[in-house]
Amino acid sequence: MKDEDLKNAFEKLKIKNLKMEHIWKIGEGAWHNVYRIERNFEEDLVLRIRKKNAYGQLQAYKEIDLITEYESSKVYYHQANQCSFNICPPVFDYFQEESLAFTVESFMGEGKKLQCLSHYEAFTIGEKLGEFFQVMHRKNPDIQGFGKIIWNGKLLEGKVQQEAHYIWQNDNDFYLSILHSLTSTDLTFNREKVVEKILKLIENRRENQQKISLVNQDVTPENIIFNVDNVSLIDPFPSLDFDLKYAGYFVFCYKFLLPAYSNAARYRNHAYNQNSNILNRIADGFICGYISDNVNLNKCLLDEYILWILLEAHEHFETLEESVLDPKTLQQMGDKDMIRNRLTLCLNELENLSLDNSFTLFNYNERT
Ligand SMILES: Nc1ncnc2c1ncn2[C@@H]1O[C@H](COP(=O)(O)OP(=O)(O)OP(=O)(O)O)[C@@H](O)[C@H]1O
Ligand SMILES: [Mg+2]
């Protein structure tokens, strides 16, 4: 391929006289091959050329999906940069047609590798991210509605258009329904303890409605450029959802999800389980940055963390019920043995967390 796609992309971009030695591949995710374009008198750019194959399957061209994805990134970057100067690429544009789709955006630096971060740096980066997400979540999104964001032909909107109070009650009901379905299985775990904890948690949560915000559902380290002085976020997966729920999601990702998924093919080469201390420090910093002086928020974050574990346990249980796993699930979650083991991990975590009321705040004296 690639030269042909690159050449076509440059033609569309009207970038002339570009020598191939000024372009090199810097990365690859599941969906894009990523190239850096070095320029003499302007900032470097990144070209993300969409792959035709992802997760071992040819991906059909769906115009609305591509516009939705790239327009959502554009809106997210715009709002994020209003909250924290150039935390996301200030330049972002895209092109899409059946034969070729790509984004062009500012190069945000290389950043340090996760395993090269000291605990102090990890904490500091987490803290900055926590402060950023706090401001980001407080802002009223320009997109109306709730849930999955879709392009309606003219603009982006949330898939659900209902009153916020109603959506909030549904959100709480949903957790109760999955709790019910998990307790009706023959899985081994301390039902009494878990049920008591979650019922109490939801009763209290119902009375404290959260704010609908523009959230990012993909905060994995591959999408964060770890510069201690200026951390950057790239490749977001935006949605409209509740603020504390998604602050809890960040903590859940770094403290539980990433280490737990490191045996799945999609994540294996990142060795997240070997770097779980660093991930943990990022999460600790995030909690401090996000809650600032409001210790009540610490309890809320733990509650949301518990609900994400509950959801994860349920998803694992449902996946195990399927007779055959599709290639994407196999890549992302692993085979049935891995899924079974991870489900046990989730259930243990649920049981253990039933005793705690908030995260233990990291001791600043340890920041060396
Ligand atoms: N704007 C940018 N500036 C610097 N590096 C970037 C930029 N965009 C992408 N990269 C590098 O390329 C890698 C892969 O990019 P990206 O996450 O956009 O790919 P993707 O296929 O969309 O990812 P995913 O698998 O998460 O969907 C990143 O981890 C990062 O190292
Ligand atoms: Mg990515």
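The conversation below moves from the whole protein to particular residues.

Q: What kind of model is this?
A: It is a predicted model.

Q: How many helices and strands does the protein have?
A: The protein has ten helices and 13 strands.

Q: What is its radius of gyration, and what would a compact globule have?
A: The radius of gyration of the protein is 21 Å, and a compact globule with 368 residues would have one near 21 Å, so the two agree. Along the principal axes, the C-alpha atoms fill a box of roughly 70 × 50 × 45 Å.

Q: What share of the residues is buried?
A: Of the 368 residues, 50% count as buried. The protein exposes about 18,400 Å², and carbon and sulfur atoms supply 47% of that area.

Q: And the contacts, how many join residues at least 24 apart?
A: Among contacts between residues at least 6 apart in sequence, 70% join residues at least 24 apart.

Q: Changing topic: how many positive and negative side chains are there?
A: There are 41 positive and 54 negative side chains. The centres of the two sets lie 3 Å apart.

Q: Now the aromatic rings. How many pairs are there?
A: The structure holds 22 aromatic pairs. One of them joins F146 and F242, with ring centres 5.1 Å apart and planes at 45 degrees. Planes under 30 degrees apart count as stacked and those over 60 as edge-to-face, so the pair of F146 and F242 is tilted.

Q: Where in the chain are those two?
A: F146 is in strand β8 (residues 146-151) and F242 is in strand β13 (residues 238-242). The two are 96 residues apart, and the pair links distant parts of the chain.

Q: Are they buried or exposed?
A: F146 and F242 are both buried.

Q: What about Y261 and Y267, how are their rings arranged?
A: Y261 and Y267 form an edge-to-face pair, 6.0 Å centre to centre with 80 degrees between the planes. Both residues are buried.

Q: Which residues form an aromatic cluster?
A: One cluster is formed by Y246, Y249, F252, F256, Y305, W308 and F359.

Note on methods:
Residues numbered from 1 in each chain as written. Chains lettered and ligands numbered in written order. Heavy atoms only, no water. Helix = DSSP H or I, 4+ residues; strand = E, 2+ residues; numbered from the N terminus. Rg over C-alpha atoms; globule rule 2.2 N^0.38 Å. Buried < 20%, exposed > 50% of the residue type's maximum accessible area, 1.4 Å probe, protein only. Contact = heavy atoms within 4.5 Å. Areas by Shrake-Rupley, 256 points an atom, 1.4 Å probe, with all protein chains shown as cover. Lys, Arg positive; Asp, Glu negative; His and termini not counted. Charge placed at Lys NZ, Arg CZ, Asp CG, Glu CD. Phe/Tyr/Trp six-rings, centres within 6.5 Å; stacked < 30°, edge-to-face > 60°.
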